[in-house]
Amino acid sequence: MTDQVFPDLPQTPPPEPPADASAQEESSEALTPAQEMADVSDLPFCRAIGLIAGGLAVTGVTLNFWNLDVLLPLIGTLCLLIGFRAMRRVNGFLRAGYVCACLHMLLLFVELGQDAAVCRETAAADTVSTALAFGSAAVQLVLLFCLWQGLLDMQRAVGRTPPAAPAAGALLLWYILLYVAAALFASLPLLLGAYVVWYFYLVVRLNKLAKSMAAQGCAIEPVKERFSNPKLVGSLLTVLAVVIACGFLFFGSYRMDWTPKETGTDAQVIEAHERLLAL
């Protein structure tokens with residue numbers, strides 16, 4: 001029996017050792033920097049900064065055709081308001097920025113309401129317009145300062161040292177230089193193009209800064225508001241429409257005390273009237 005030869009049986013390869021589950025998870029979670037930046041762009045923090053950057057981009061340039069000088073500041077101010085509203089609970093600076101956004105909206109409504117009234121042609125209205133312009137400029141500077149410092153505080157909260165938000169700080173510097181140049185010079189046509197390009201470059205950098213901060217752990221907790229953003233925007237536009245309508249209806253003409261002049265029956269008046277009609 002020892003000489004009995006058994007036929008060869010088909011051999012199956014030995015089973016491979018099970019792969020480490022944690023290693024598989026780590027490999028699946030490992031993302032390239034580009035993928036990480038794409039993923040964080042949908043976070044509430046990035047969306048809020050995107051609204052703020054869009055609002056700054058729209059309000060930073062004035063176009064005097066197709067009523068864009070009114071529509072663009074209105075849209076931009078609404079974007080700033082919604083963006084800061086989402087971040088107002090993060091720290092004190094961003095809460096102050098939200099207050100500045102509300103004040104900026106109020107000043108814009110007053111300006112648009114004044115433009116709908118005939119009293120805008122008076123000297124007192126010119127004084128009010130000047131005060132509104134200076135007030136809006138001051139509020140804009142404080143808003144950008146609060147944004148800059150608020151982003152720095154967010155980075156400190158997640159342990160990033162030293163914190164840096166160059167795009168936000170440069171935007172504040174941009175507006176300061178703009179107001180100084182407007183006060184010292186009538187116009188800067190040669191530098192205007194480069195200045196506008198620099199502005200939009202800083203707005204794009206602000207968006208990239210938000211994505212970088214989100215990838216490092218900076219985030220905001222989404223809170224369900226009692227009054228949603230669409231309802232807020234609709235209510236504000238309704239109030240603005242009522243203000244403009246009241247300006248046209250009740251303040252669209254001057255109050256005058258006059259009576260119709262009696263028609264003359266003198267022969268000379270009739271003759272002059274006929275001659276004028278013939279001409």
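Mentor: Asp69 is in contact with Thr62, Leu63 and Asn64, leaving aside its neighbours within four places in sequence. Contact here means heavy atoms within 4.5 Å. The model is predicted, so local features need pLDDT of at least 70 and side-chain atom pairs count only at pLDDT 80 or more, while totals for chains, interfaces and linings use all residues. Residues are numbered from 1 along each chain as its sequence is written, and side-chain values use heavy atoms, with hydrogens and water left out.

Asp69 belongs to helix H4. Helices are DSSP runs of H or I with at least four residues, strands are runs of E with at least two, and numbering starts at the N terminus. Asp69 is partly exposed because its relative accessibility is 35%. The scale is simple: buried is under 20% relative accessible area, exposed is over 50%, and partly exposed lies in between, using a 1.4 Å probe and protein chains only. Thr59 sits 10 residues from Asp69 along the chain, and their C-alpha atoms are separated by 9.2 Å.

Leu63, one of the contacts of Asp69, also belongs to a surface feature. Together with Phe65 and Trp66, Leu63 forms a nonpolar patch with about 370 Å² of accessible area in total. Patches take residues with over 30% relative accessible area and no salt bridge; nonpolar side chains (Val, Leu, Ile, Met, Phe, Trp, Tyr) are joined within 5 Å, like charges within 9 Å. The areas come from the Shrake-Rupley method with a 1.4 Å probe, and for residues only the protein chains shown count as cover. Phe65 lies in the loop between H3 and H4. Its relative accessibility is 40%, so Phe65 counts as partly exposed.

The largest nonpolar core has 55 residues, and Phe45, Ile49, Phe84, Leu151 and Leu206 touch the most other members. Helices H3 (44-59), H4 (68-87), H5 (92-115), H6 (123-157), H7 (166-184), H8 (189-215) and H9 (229-250) each give two or more residues to this core. A nonpolar core is a set of buried Ala, Val, Leu, Ile, Met, Phe, Trp, Tyr and Cys residues joined through side-chain atoms within 4.5 Å. Take Leu206. Not counting residues up to four places away in sequence, Leu206 touches Ile49, Ala53, Leu56, Leu147, Leu151, Ala167, Ala168 and Leu171.

Leu151 leads on to Pro163. The two are 12 residues apart in sequence, and their C-alpha atoms are 8.5 Å apart. Pro163 sits in the loop between H6 and H7. Pro163 is partly exposed, as its relative accessibility is 25%. Outside the four places on either side in sequence, Pro163 touches Leu152, Gln155 and Arg156.

Arg156 also carries a charge pairing. Its side chain meets that of Asp153 in a salt bridge, 2.4 Å from N to O. The criterion is a side-chain nitrogen of Lys or Arg within 4 Å of a carboxyl oxygen of Asp or Glu. The structure holds 1 such bridge. Arg156 and Asp153 are 3 residues apart in helix H6, so about one helical turn separates them. Arg156 is partly exposed at 43% relative accessibility. Asp153 is partly exposed too, at 25%.

Helix H6 also holds Leu132. Leu132 is buried because its relative accessible area is 10%. Beyond four places in sequence, Leu132 touches Leu107, Val110, Glu111 and Gln114. Leu132 and Glu111 are 21 residues apart in sequence and 7.1 Å apart, C-alpha to C-alpha.

Step back to the whole chain. There are 10 helices and 0 strands. Of the 279 residues, 30% are buried. Among contacts with a separation of 6 or more, 77% join residues 24 or more positions apart. The chain exposes about 18800 Å², with carbon and sulfur atoms supplying 65% of it.

Finally, confidence. The average pLDDT is 77, and 75% of the residues score at least 70. pLDDT is the predictor's confidence in each residue, from 0 to 100. Where pLDDT is low, the predicted coordinates should not be read in detail.
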